[in-house]
Amino acid sequence: MKYVDTALVQKKMNGRLLLNTFAKTVFLLSTLFGLVVLAVLIYRVVSDGIGWINLDFLTGKLSTNADRAGIMGAILGTLWLMAVVAPVTMFLGVGTAIYLECYAKKGRIHSIIQTNISNLAGVPSIVFGILGLTIFVRAMDFGNVILAGGLTMSLLVLPIVVVASQEAIRAVPAHLSEASFGMGATKWQTIKNIILPAALPGILTGAILSLSRAIGETAPLVVIGIPALLIPFPGGIMDRFTILPMQIYYWTLDSSLVAEYANLAAATIVVLLVVLFLLNSIAIVIRNKFQQRY
Amino acid sequence: MEANSALKKGNAVNVREMIEEKKSKRSITNVLEKIMPRVLLMIATISVLTTVGIIFTLLSETVEFFSRIPFVDFFTGTVLRPLSQNPEFGVLPLLTGTIISSVIAMFVAVPIGLMTAIYLSEYASDKVRRLLKPMLEILAGIPTIVYGFFAFTFVTPILREFIPGLQATNILSPGIVMGIMIIPMVASLSEDAMSSVPNSMREGALALGSTKLEVTRKVIMPAAMSGIIASFVLGISRAIGETMIVTIASGSSKNFTFDITQSMQTMTAYIVEVSSGDAPSGSTIYYSLYAVAMTLFVFTFLMNLLARYISRKFREEY
Amino acid sequence: MALSQKANVAYSPKGGPVETAVLDKKVVYDTKDLNLWYGKDHALKNINLAIYEKEVTAIIGPSGCGKSTYIKTLNRMVQLVPTVRISGEISYRGKSILDKSYQVEELRTRVGMVFQKPNPFPKSIYDNVAYGPRIHGIKNKKILDQIVEKSLRGAAIWDEVKERLHENAYGLSGGQQQRLCIARCLAIEPDVILMDEPTSALDPKSTLKVEELIQELKKDYSIIIVTHNMQQAARISDKTAFFLNGEVVEYDQTDVIFSNPSDKRTEDYITGRFG
Amino acid sequence: MALSQKANVAYSPKGGPVETAVLDKKVVYDTKDLNLWYGKDHALKNINLAIYEKEVTAIIGPSGCGKSTYIKTLNRMVQLVPTVRISGEISYRGKSILDKSYQVEELRTRVGMVFQKPNPFPKSIYDNVAYGPRIHGIKNKKILDQIVEKSLRGAAIWDEVKERLHENAYGLSGGQQQRLCIARCLAIEPDVILMDEPTSALDPKSTLKVEELIQELKKDYSIIIVTHNMQQAARISDKTAFFLNGEVVEYDQTDVIFSNPSDKRTEDYITGRFG
Amino acid sequence: ACGSGNEETTTESNEQTASEQTEGNETTEEATADLEGSVVVDGSGTVYPLMSVVAEEYMYTEQENVSVEVSRAGTSAGFGRFLVEDGTDFNNASRQIKDEELAEADAAGFEVMEMKVALDGLTFVINKENDWATELTKEELISIFHHDGGVEKWSDIRPEFPDEEIHAMGPNENHGTYEFFYEAILEKEDLVDGVNLQQEYSTLVNLVSEDVNGIAFFGFGYYVNNQDKLQAVNVDFGDGPIEPSLDTIGEEAEYAPFTRPVFTYLNVDKAKANPQVLDFALFTANNVNEFAGQTGFAPLPDEEVQAYVEVLEGLK
Ligand SMILES: Nc1ncnc2c1ncn2[C@@H]1O[C@H](COP(=O)(O)OP(=O)(O)OP(=O)(O)O)[C@@H](O)[C@H]1O
Ligand SMILES: Nc1ncnc2c1ncn2[C@@H]1O[C@H](COP(=O)(O)OP(=O)(O)OP(=O)(O)O)[C@@H](O)[C@H]1O
Ligand SMILES: [Mg+2]
Ligand SMILES: [Mg+2]
Ligand SMILES: O=P([O-])([O-])[O-]
């Protein structure tokens with residue numbers, strides 16, 4: 001007895017194939033949707049902003065006067081912020097990763113820390129802002145200075161560095177550390193001389209990605225409080241500061257006060273995107289170039 | 001080879017002796033060996049302390065808030081007038097704002113993200129995938145402030161062409177843009193889930209004469225469902241916590257409404273508003289900041305737990 | 001060994017015309033001058049083979065000789081590998097399947113395949129078997145029930161699973177899973193069944209069951225089976241092809257191959273001198 | 001086979017006293033009633049073995065029989081696996097190394113190890129060899145230079161690499177890498193060298209080189225070598241232990257094991273009847 | 001030169017005023033740059049455009065080593081930061097300080113000096129396409145925002161107006177503008193239900209510019225800079241409709257009922273302790289009139305400003 005009617009199957013086949021082709025097209029279009037938005041976004045920002053980008057804009061001081069306003073203060077603020085975030089996250093992130101991967105027994109402490117890190121990664125950035133405001137700005141009384149902002153951002157991006165470093169450390173083949181132990185090296189010697197150097201490209205990649213996240217974050221700093229007008233350049237970690245995204249934020253808000261501010265905001269976005277693009281390219285280069293094949 | 005052993009005998013360097021000799025000096029190594037685990041444990045504890053710090057700061061001020069505003073009033077109140085002469089603190093306007101914007105975002109991110117994932121995992125050739133995936137990841141790396149600007153100056157005006165009643169600040173436009181921002185996250189996590197369905201499953205289905213669409217719908221997606229759903233939940237969590245897009249593009253009206261053409265405020269935007277106002281500590285509005293932040297924290301925390309639970313509990317055994 | 005029928009030698013090393021089999025057996029697959037490359041890797045070299053209806057054809061050979069590649073060419077699954085290039089011709093029931101115009105989906109509904117590792121879908125036993133009929137548009141619950149039962153019976157696993165049709169297929173043992181995969185394949189009533197080392201992941205008892213099943217199935221289906229296990233080939237197949245380095249060294253009646261091979265390399269392989 | 005010396009049988013299945021070797025050979029390692037578990041998995045069962053100075057001791061047996069586990073116990077590397085539990089005793093030069101009080105780092109500076117897959121560090125050739133001396137506190141550049149040269153000569157690779165000492169070790173061929181690993185091990189002038197299938201990842205030519213090297217090294221070092229390859233054991237070792245399922249089935253002079261084994265299982269293994 | 005589309009009309013005339021005033025002021029052009037340190041200014045968003053320009057000018061031309069940072073949390077919120085120990089140096093305000101607030105300063109142990117910096121006209125703005133509500137009486141305006149005004153639709157005001165719902169908007173309670181409106185104009189009666197109160201003036205500008213039925217109030221400066229997007233309601237205070245302009249929003253002028261002074265408050269103790277704070281206060285007093293016009297404020301009478309200069313000189 002035949003249940004499967006070959007003629008019927010044949011008849012339905014064309015419809016099924018058509019549906020498949022149709023779906024494939026729809027899926028491709030969906031994929032392209034995101035890219036089209038990206039292109040539009042970049043085009044918009046660049047066309048609004050590119051005319052305003054020149055050396056004076058990049059190196060000038062902030063001003064209420066759109067024609068002479070510059071973003072050097074925000075650039076320096078961003079750099080200073082990185083100067084806090086980079087070492088702090090590297091220290092905390094890599095330290096935590098080493099502990100988790102090399103020292104912690106797979107037990108309670110390990111799982112507490114590990115779970116905690118993945119939870120921390122999901123905490124909204126603005127909540128970190130409140131933490132920073134309460135702890136660094138107020139309780140420790142730093143005020144709304146670079147150090148307070150930097151420490152807040154460090155905690156915010158810490159999970160990124162930890163997870164990336166863990167992966168990098170885990171990717172160092174066991175036979176390398178075994179060889180080191182086999183020579184009578186202690187654990188710390190092995191970590192320091194073998195594991196960390198081998199994991200470094202991965203760690204750096206993670207660190208750069210975390211920096212690029214920190215550079216783009218605005219919400220925590222809004223909470224911490226950044227002055228709308230701050231002209232002098234920051235000169236140290238205890239100075240007040242502004243950063244590129246905050247400048248974009250204020251200029252966007254004030255575009256109703258002075259229409260050109262919208263262009264300044266766009267120009268600043270272009271600068272910010274270029275910085276991010278460079279950082280990510282560096283990360284990719286490091287990943288591709290220095291990744292050792294064992 | 002004989003030369004080698006000769007070299008060994010005649011050699012001035014006696015490594016063994018030197019090692020023995022240096023052993024006395026190796027106290028630093030030994031000390032390091034002892035203290036490093038502790039130092040590293042301390043470093044690792046900082047991430048835990050961060051969480052504890054978050055919970056502690058939020059909780060202590062929240063407790064004070066609830067001593068002034070009854071718990072029930074806060075969670076059932078539909079009026080939020082924190083700065084008014086006779087303030088009212090109902091969180092429902094913020095909750096609806098948050099939920100509505102997240103739902104809109106997911107309406108964008110779920111279908112597009114999922115279809116993107118399907119395309120990348122099931123249809124695209126290796127070459128195309130390697131090209132498209134990093135480009136999509138750029139989308140995830142764009143600062144949210146840029147999206148806020150985009151929503152406010154580009155998406156809203158376009159939408160207003162089609163939706164006449166749409167206000168200049170509204171929840172729809174930031175919702176859509178948040179959705180766009182979340183697409184790469186949903187796409188990438190779902191794609192991971194689908195790519196980890198073993199090839200034997202695909203081959204089995206193809207060998208029965210299925211089209212790729214059928215393989216995807218009937219075999220791959222059911223098998224990867226837990227990962228896919230987890231990606232949605234994480235996407236929602238991300239949308240709930242997103243701040244700058246809504247702050248810029250949805251204004252700060254505290255309407256309790258379900259009309260997406262209106263300006264609404266989310267929990268995150270409320271926190272921005274109150275803290276840009278820099279409420280004097282001690283005032284109820286100051287404490288309300290923490291109560292709202294606590295609510296937000298609990299919300300996203302539960303979402304993250306849920307996502308983890310789903311992807312762990314319902315992981316398919318192949 | 002249960003070889004009873006006799007047929008002419010179907011092997012034609014020079015690609016010349018293949019002699020028709022006696023006993024009214026028709027050629028299902030005819031392969032002519034087939035060459036296949038994975039990128040630069042020449043995996044199949046000048047294959048010429050004719051495969052007959054309602055027989056079990058075994059393909060043996062050492063690892064990497066191209067056995068899997070060959071049978072995956074028969075339902076064009078091999079083309080899922082993007083780097084694959086093919087020349088030559090395979091005709092199935094007289095139609096050239098390597099033609100772009102030949103719909104693979106249709107080919108695959110007529111040619112079932114069973115894989116080395118059992119690969120049931122992560123669904124219920126019932127849904128596994130009903131998968132094929134469903135995608136081909138059969139929705140009627142009653143008919144599906146009948147198909148599922150018939151296929152599971154056909155795969156000699158009905159009695160073991162009839163009480164738990166709606167449980168997940170992963171609850172079955174490896175041998176049961178493999179028979180389920182065979183049932184899944186039977187459900188679309190194929191003409192040919194390709195099997196790539198279907199028992200290599202199974203314990204001896206399950207292997208025996210599947211071998212018995214194959215003997216049963218050949219009444220209705222043409223079966224091509226790849227195996228590492230020469231005893232198995234000898235036990236269950238009617239014809240055997242010996243592959244080496246992508247070439248067909250010898251193709252003949254199974255008893256001929258195992259008792260009186262004409263090629264020295266075949267003999268070496270069968271007597272365990274390499275592979 | 002280059003076996004010239006004769007020694008008494010050192011194998012003592014019942015764990016009784018091991019007879020001392022003639023020819024003034026001292027026992028380097030003495031293993032008594034060693035048992036080892038990976039979690040619940042009983043990987044070594046009642047091992048009793050005495051290993052002698054300046055000899056090559058080969059350990060053979062089928063895959064999974066515990067060879068690697070055993071030699072990794074000798075420098076306590078096996079304890080890097082967290083689930084490992086050990087009972088019994090191993091003494092090295094008279095001291096019990098399984099004691100917590102015995103410093104593993106010290107043990108490992110005296111007992112070098114060479115692994116199955118060449119595993120140079122991703123550093124320069126020089127730094128690879130200098131690694132051991134450096135971690136043990138030798139910083140003096142001149143002394144390091146001497147050590148590096150001497151060790152590379154000792155591992156018979158000096159001439160091939162002397163021009164490129166500061167290039168990355170991954171530029172070397174597999175066989176060179178393995179000899180580099182041996183050089184790295186020699187740099188701290190160990191007493192014993194443990195080798196876990198040191199040639200299994202190498203081509204025949206490199207294998208030959210390493211085998212010659214081992215013959216050379218045994219003048220100065222005691223060598224314990226795990227190998228899958230029975231010909232290799234027969235070629236290079238003085239004594240051979242045959243492991244099966246975590247037990248020592250037989251331990252004797254290599255020529256005895258290969259020509260006149262006392263256990264049926266040993267004979268089956270050596271003649272290739274299993275494994 | 002920081003206006004948008006309206007440069008030709010306002011800015012040029014302001015520049016003239018500015019240069020005239022500069023002649024009378026010897027201090028302005030000499031950048032002595034002998035002071036350093038920081039001056040922290042917070043408070044009113046209304047006053048922000050004026051004070052930020054003053055601060056910028058001070059840093060460019062007067063003391064380049066002094067950092068004057070200007071924030072704009074809003075008048076009341078700014079007082080929150082000002083009236084504490086070690087708070088901000090200045091607080092801008094678009095309303096007068098309250099007695100309770102003064103009491104807080106006492107409690108914190110410092111003296112506060114009030115300086116008027118300019119005059120601002122509370123401006124009601126409507127959409128460009130709104131052609132019916134361009135002239136309203138003061139009472140009609142109040143009825144739109146008053147909770148008891150009985151007005152929901154335009155047609156409730158005058159029957160010939162469209163039968164459409166009015167969308168009333170304004171700055172939120174963080175702002176002095178709100179409080180001025182609430183206290184001085186609504187006489188502490190609640191605002192209409194459903195009024196849309198925003199933190200950012202830019203949001204209000206956008207909302208009204210895109211909403212035919214919208215009406216919002218804020219400082220004149222935010223209107224001046226957005227004349228291309230908005231139109232102002234001419235208010236009839238009884239003697240015919242008055243258009244708010246720099247000329248009409250003077251203290252004695254026709255728009256006076258909706259005119260209010262805007263202030264900055266100085267922490268006197270800090271001024272005494274920190275020369276740069278005092279110096280900036282002096283600079284502000286001396287120069288604020290010069291910048292009032294271009295930022296949308298009417299300047300104060302010269303005598304009034306001069307009085308501050310004398311008081312400040314006395315603190316040295
Ligand atoms: N996807 C692929 N890409 C590239 N080369 C492949 C691929 N699959 C198989 N090959 C190569 O083609 C040759 C034949 O492989 P095939 O899998 O057909 O061998 P086989 O006879 O089935 O071996 P086994 O008994 O191990 O399954 C081998 O050299 C193999 O390396
Ligand atoms: N890290 C581990 N954890 C758990 N079990 C292990 C581990 N390493 C080895 N085993 C088990 O211990 C037994 C002995 O393993 P071992 O690696 O010593 O075998 P071997 O003789 O070296 O085999 P091969 O020749 O394959 O290297 C095996 O059953 C193996 O599965
Ligand atoms: Mg195969
Ligand atoms: Mg081993
Ligand atoms: O910003 P305000 O001037 O209204 O306080």
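I call a residue buried when its relative accessible area is under 20%, exposed when it is over 50%, and partly exposed in between (1.4 Å probe, protein chains only). Helices (H or I, at least four residues) and strands (E, at least two) are DSSP runs, numbered from the N terminus.

**Entry 1. Ground rules.** The model is predicted, local features need pLDDT of at least 70, side-chain atom pairs count only at pLDDT 80 or more, and totals for chains, interfaces and linings use all residues. Residues are numbered from 1 along each chain as its sequence is written, chains are lettered from A and ligands numbered from 1 in the order in which they are written, and side-chain values use heavy atoms, with hydrogens and water left out.

**Entry 2. Chain C.** I looked up helix α1 of chain C, residues 67-74, and found six of its eight residues buried. The buried residues are Lys67(C), Thr69(C), Tyr70(C), Ile71(C), Thr73(C) and Leu74(C). Just after this helix, Arg76(C) has a positive phi of about 60°.

I then turned to the record. UniProt, in an unreviewed entry, lists residues 29-270 of chain C as "domain: ABC transporter"; such annotations may be inferred rather than shown by experiment. In the model, this span is 38% helix and 27% strand, and its end C-alpha atoms lie 26 Å apart.

**Entry 3. Salt bridges.** I used this criterion: a side-chain nitrogen of Lys or Arg within 4 Å of a carboxyl oxygen of Asp or Glu. Over all chains, the structure holds 58 salt bridges.

Asp159(C) is exposed at 57% relative accessibility, whereas Lys162(C) is partly exposed at 37%.

In chain D, Lys239(D) and Glu55(D) form a salt bridge, and their closest N and O atoms are 2.7 Å apart. Lys239(D) belongs to strand β9 (residues 239-244) and Glu55(D) to the loop between β2 (41-52) and β3 (56-60), so the pair ties together parts of chain D that are 184 residues apart in sequence. Both Lys239(D) and Glu55(D) are buried.

Lys116(E) is buried at 19% relative accessibility, while Glu304(E) is partly exposed at 22%. I also recorded a network in which salt bridges that share partners join Arg95(E), Lys98(E), Glu101(E), Glu179(E) and Glu183(E).

**Entry 4. Surface patches.** Patches take residues with over 30% relative accessible area and no salt bridge; like charges are joined within 9 Å and nonpolar side chains (Val, Leu, Ile, Met, Phe, Trp, Tyr) within 5 Å.

I found a positive patch formed by Lys11(A), Lys12(A), Arg217(B) and Lys139(C). Lys12(A) sits in helix α1 (residues 6-49) of chain A and is partly exposed, at 35% relative accessible area.

I also found a nonpolar patch of about 250 Å², made by Leu29(A), Leu32(A) and Val36(A). Val36(A) is in helix α1 of chain A and is partly exposed at 48% relative accessibility.

**Entry 5. One residue of chain D.** Leu74(D) is in helix α1 (residues 67-74) of chain D and is buried, with a relative accessible area of 0%. From Leu74(D) to Ile236(D), I noted 162 residues in sequence and 21 Å in space, C-alpha to C-alpha.

How values were computed
Areas by Shrake-Rupley, 256 points an atom, 1.4 Å probe, with all protein chains shown as cover. Lys, Arg positive; Asp, Glu negative; His and termini not counted. Charge placed at Lys NZ, Arg CZ, Asp CG, Glu CD.
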